[in-house]
Number of protein chains: 4
Amino acid sequence: MQKLNVAMIGGGFMGKAHAMAYAAMPMFFWPAPAIPVRKVVVDINQQMAETARDRFGFEEASIDWRAVIARPDIDIIDICTPNNSHAEIAIAAANAGKHVICEKPLARTGAESKTMLDAAQAAGTIHMVAFNYRRTPAVALAKKLIEEGRIGDILNFRGTYLQDWSADPDSPLSWRFQKSVAGSGTVGDIGTHAVDFARYLVGEIASVNALVKTHIPTRPKQSGGVDKLGVGGGDNNAERGAVDVDDEMLTMVKFANGAIGSIEATRNAYGRNNFLTFEIHGTKGSLAFNYERRDELQVMFADDVADARGFRTVYTGPAHPYGGGLWPIPALGIGYGETKIVECYDLCTAIVTGKQPSPNFEDGYRIALIADAILASGETGQWVDVQ
Amino acid sequence: MQKLNVAMIGGGFMGKAHAMAYAAMPMFFWPAPAIPVRKVVVDINQQMAETARDRFGFEEASIDWRAVIARPDIDIIDICTPNNSHAEIAIAAANAGKHVICEKPLARTGAESKTMLDAAQAAGTIHMVAFNYRRTPAVALAKKLIEEGRIGDILNFRGTYLQDWSADPDSPLSWRFQKSVAGSGTVGDIGTHAVDFARYLVGEIASVNALVKTHIPTRPKQSGGVDKLGVGGGDNNAERGAVDVDDEMLTMVKFANGAIGSIEATRNAYGRNNFLTFEIHGTKGSLAFNYERRDELQVMFADDVADARGFRTVYTGPAHPYGGGLWPIPALGIGYGETKIVECYDLCTAIVTGKQPSPNFEDGYRIALIADAILASGETGQWVDVQ
Amino acid sequence: MQKLNVAMIGGGFMGKAHAMAYAAMPMFFWPAPAIPVRKVVVDINQQMAETARDRFGFEEASIDWRAVIARPDIDIIDICTPNNSHAEIAIAAANAGKHVICEKPLARTGAESKTMLDAAQAAGTIHMVAFNYRRTPAVALAKKLIEEGRIGDILNFRGTYLQDWSADPDSPLSWRFQKSVAGSGTVGDIGTHAVDFARYLVGEIASVNALVKTHIPTRPKQSGGVDKLGVGGGDNNAERGAVDVDDEMLTMVKFANGAIGSIEATRNAYGRNNFLTFEIHGTKGSLAFNYERRDELQVMFADDVADARGFRTVYTGPAHPYGGGLWPIPALGIGYGETKIVECYDLCTAIVTGKQPSPNFEDGYRIALIADAILASGETGQWVDVQ
Amino acid sequence: MQKLNVAMIGGGFMGKAHAMAYAAMPMFFWPAPAIPVRKVVVDINQQMAETARDRFGFEEASIDWRAVIARPDIDIIDICTPNNSHAEIAIAAANAGKHVICEKPLARTGAESKTMLDAAQAAGTIHMVAFNYRRTPAVALAKKLIEEGRIGDILNFRGTYLQDWSADPDSPLSWRFQKSVAGSGTVGDIGTHAVDFARYLVGEIASVNALVKTHIPTRPKQSGGVDKLGVGGGDNNAERGAVDVDDEMLTMVKFANGAIGSIEATRNAYGRNNFLTFEIHGTKGSLAFNYERRDELQVMFADDVADARGFRTVYTGPAHPYGGGLWPIPALGIGYGETKIVECYDLCTAIVTGKQPSPNFEDGYRIALIADAILASGETGQWVDVQ
């Protein structure tokens, strides 16, 4: 069985999730398309790199991502760093002939994303962007039902991604609140996941019309070197710095195929934790999903018998997408880890088959263009065509 | 105890709900503000009027609403007719010095609504528009919590009203699909309920930006004289007539107080029956409601203890608005009838105290202006200021 | 259309519900089987009786139920008094040739219930016991699906009735906590509703094995004459009296047809308000119901397509039992009132057709025997055959 | 950091879950108490063992568990085999001075379990039984709230474990339907998880009174060597063999501390997948949990403000047990894997601290005694004291 040597750049929360996936993927999907080998992990200083190595089970630690990319034994570059470094690393990796998986959003803007796509296409290597939530089996089931025509033609799509980890005005000024690093706020950080659902399930978005707002203009600066995800509140005696990204966005969308819809994202929704939802109405039925209850897809068929018609609560399991590899009984439980394991499976499959996975940099680029359009519309109040 | 003689114009589904409320209100709210007397019911022919009289427990039947309005013994004119007759009847009633309750939407347009408001104000009588859903105790509880500042300043409002009774292309061409009668489609019929929630709970809407769409352009004409509500499908061999109103609307809204939000309404959402919802995020907490589970309000307080923080499922009962008059234990069950009983209680209270109830024609007029703005924005794709 | 003159004995909470049903039933079910006339209401003193007359819309007030029963113009005696008076009134009514509807439980014991059944059968009049929850359309739908064999043979039944209105040790010593008046505690008061579901949906119960417990041995005595339902806590400075009934019961059951099950009832379940539920597993599917969300029945068919199999959330409406008479769109909302309106419809239908309704005194008697068996098993810890 | 060499006996579904936990635990809990090393995996033939080795990332494969136990370099024996081999392996492991984790139920009977406990105690090594569901953070949160007295004294416990994977009469005759291998059916397989919840959260069970039933007396024999978990139906042309274990059990329980309760388990509940639930009522509040929505604990405090009182839907995250090691935002998602990762963390912590984990063989033994009592009571219909 082929082995694929992985170099992971960045050893934070996302590094944890990816490392788990590399270790566990063959346990779930067997025979595995390939065996990922956790070869080297890169972090910003020697101590952090060595800790990441020991913690995440890599063979080596490094603080020089360029040197790692130059190594001939590395097959996959896995980018788990803040958004502003995605392009530089990914382009270097592609230029070195590596396969690349990059955390989302692909980059800070559409233009920056395009440079990554161009490099990857020029290199001819496999490229993937880590919109992992579409790997949830219930979401993949929605895709399957739509493709099979079982809810008919799609009339509309409603997506939300609501969180509350930054609702506290004293939660710290993470890089996620700084435009130079993150590119945008809620739009890029979580809104793009909902946009990914929209494109994956319904089709290309033609134009948008958006409201974009910053609720909390300043936040306490972080003292330590490690970025905090706002959990547990910040140091409200700390000096405050400016937030120059959006806290909330709301957009109407027109799809190329005629469907319409709305997408809303906010990190200021008290009580919502990871409330990533969609609801889709078709001419023959409807679908609804809430990631907070991710083992379930709500499925409604209009032609069901009149006295027993209603949304079915379908728990995903062996009868559903990826079911052969996951757990043998529905509701044993899909967690965040499983979405990453499936992602890793699709990445490795792509590499061994030579067929680009989905979502790849092309998808990441198109999503970035939509994010650009949302931000532009938020400025002008006009409908903006997606480039 | 004062008696109030009621003349009800229209003996259909809404007549049933109103008649029940007149009979039951004093049973629930005692001592009652007044005793409504079901004096006379008016319908479009003698047989229907007499049936309505017998069925709904009125003393008399009539087919001449003008004559009924002229009667000095009538205190309240209750308008349960299609939208295109609201203005004529209400104005005549006001001119005759009657108190008026009118089914929603107040009229087909803002301009038409204004004539009703003007007449009512000139008459100095009590006027009310029947946006009954805000009488649901859980919605009134939301209002109370907001007014007491318990979720802080409101950041946003998301409202939906999703139904599926007209999703079938062969459901009959009710008057609700004809602009000359209904004024608009989903916007006026159900969207206005969501708009009423928005104004009631958050405040005045300053501007809107909307998508409005007709999914099903023709429907089978109805054969009989009685309007059908689309239930059970139409006669698909019947000649088809044009639908000239909207099936779905989606709007972004800006409130005068700075909050933002979205409202969506459709009657083509398979699997949604009476899915009238809102979610409100504030600086200190959140609220969520779904009329399909109307006994419950979801309430979240940000300052709850960290290890037991989350939406509370509050079942309304004696400790909540209108609780003294309704059932003695939460979840004995609020139905559609109870919302109308509360509405009747508020109407009678207004009449005996001489203080206008809420929502009154002023509210109905403002909601109509918002509906106008939504339709206009749907045409132009621009933000439209509410007049 | 036939008129039926009603004399209602007892003008409390139940009186309100019944009065509303008499007024509203023909509005919902038209042509009505008969028109109930609220003729006379009886209460324990003149003032209360007259208040009940005015509030509930009766023509006359009385404090002498015997005299009322003797009146030849009365067709129906409606018993809404505490349990210890049911037998005396019902027997007198039957002896006077009246139709009788009696609030549940039928009486304090099986033996007492038997005297009522005997009298009613001897009289040949219509008799009914007011287990209204089975009139919820979703429960009637469950019955229909079972009878049509759509979930196959029933394997088991799990029923609960959980409330919390007496969980507070200082909630007042209502008559519901006194054996001499109530007969039993939770067993009779709410457990019998769950037993009614079991018999209605599955069949006769052959034997039981129960745990019965009193959690709170004393409660503050009530000062006023009007019984309080424990809402809002009692006067904790008041003298305390002994509770001699059960607070909680839990029983296993064996049905005559081989199915097994469990029933639990408690009034000490903090957070549960009117949590009357069942879950039924059959050889071809399952059903689940929760009265707190009473518009819905959960329906699962084992032969559904493998990738879209799961409980369907069915909202009851026109396509379901009693749907022609209730509201025209599902989820407009079934409340407590509607269950009583349907009950009234079934009572009047029984009277005009001469066919006993269900549940009648025979059912009430059998349920009382089951309650006796539960209490007996709670004493002995042994399986007890239902007489 | 200490390394702990693991030998895993059995490479099926449970092997997958355990292997993932060994790989991932240090990624989540860092600094880890120890680093588990996947040293050797044992299966029933060479091919299966080597496949398990490659798939689950072990260094070596073996078909001789006795030889493996004899190896001095092995620290932990992990038993993932069918129930009938647990005792023999565990005792040998203990005698060899190994730490042991054994899948549940500990053994087929209390007596058999006792031999394991005795051996482990004699050896003085660490022993653990894999009732992993109590490791769900929401369940651990329930434990914490109870221990802190936040719902007061516990009145009752209701537990269920409902599945449907064997509801089809043609699902294959897995070893789980054979008493000689499994010991019992639903009682041991899934009922013990609910019993573990009961003991963990409420306390020791003193006596039980149970109904135990086999719904499907024969099933098609399995053709291949690999045991099937009934998924997808069996070969209904295959010869059928006898089922000699229970399909469903229902028991009342009395706790030593005076609380009462019920536990039900069945694998014939169509529509329930992994419906492992509890509901607990205390004198100051209530808790409810459903593993199918395992990120959530329902928490109700009686002393909440009257107008906003109700069950709180608490999503577990960093503020809750094990939160520091798991995901940084609630509802990112707990899956089956995370329960096993936490279990592995507790096992390794126990080994390095020398303090027995919970649940250990003592717990497994007591649970087996309760299972024995349930089965005995199912035979006699009498209350049976737990030994």
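View 1. Between chain A and chain B, 14 residue pairs are in polar contact, both residues at pLDDT 80 or more. A polar contact is a pair of N or O atoms within 3.5 Å; within protein, one must be able to donate a hydrogen and the other to accept it, and residues adjacent in sequence count only if both atoms are side-chain atoms. This is a predicted model, in which local features need pLDDT of at least 70 and side-chain atom pairs count only at pLDDT 80 or more, while totals for chains, interfaces and linings use all residues. Side-chain values use heavy atoms, without hydrogens and water; residues are numbered from 1 along each chain as its sequence is written, and chains are lettered from A in the order in which they are written. The interface of chain A and chain B holds 4 salt bridges (a side-chain nitrogen of Lys or Arg within 4 Å of a carboxyl oxygen of Asp or Glu). One of them joins Arg158(A) to Glu264(B), with the closest N and O atoms 2.3 Å apart.

**View 2. The side of chain A that touches chain B.** Strands β7 (154-162), β8 (205-213), β11 (248-255), β12 (260-266), β13 (275-282) and β14 (285-290) of chain A each supply at least two residues of this side. The largest share, 6 residues, comes from β11(A). Helices (H or I, at least four residues) and strands (E, at least two) are DSSP runs, numbered from the N terminus. In total, 44 residues of chain A are in contact with 44 residues of chain B, contact meaning heavy atoms within 4.5 Å. The two chains bury about 3300 Å² between them, 59% of it on carbon and sulfur atoms. Buried area is the accessible area (1.4 Å probe) that two parts lose on being put together, summed over both.

**View 3. The interface of chain A and chain D.** Here 46 residues of chain A are in contact with 46 residues of chain D, and about 3900 Å² is buried between the chains, 64% of it on carbon and sulfur atoms. The interface has 4 salt bridges, including the one between the side chains of Glu296(D) and Arg293(A) (2.8 Å, N to O). The elements of chain A that give two or more residues to the side touching chain D are α1 (13-28), α2 (46-56) and α9 (336-353). Among these, α1(A) gives the most, with 10 residues.

**View 4. Helix α2 of chain C.** In α2 (residues 46-56) of chain C, Ala49(C), Ala52(C) and Phe56(C) are buried (under 20% relative accessible area, 1.4 Å probe, protein chains only). Seen down the axis of α2(C), these buried residues fall within an arc of 60 degrees, so they line one face of the helix; the arc is that of the directions from the helix axis to the C-beta atoms. They pack against α1 (13-28) of chain B, and against β1 (3-9), α1 (13-28), β2 (35-42) and β3 (60-62) of chain C. Asn45(C) caps the N-terminal end of α2(C), with a side-chain oxygen 3.1 Å from the backbone nitrogen of Gln47(C). Just after the helix, Gly57(C) takes a positive phi of about 75 degrees.

Key:
Buried < 20%, exposed > 50% of the residue type's maximum accessible area, 1.4 Å probe, protein only.
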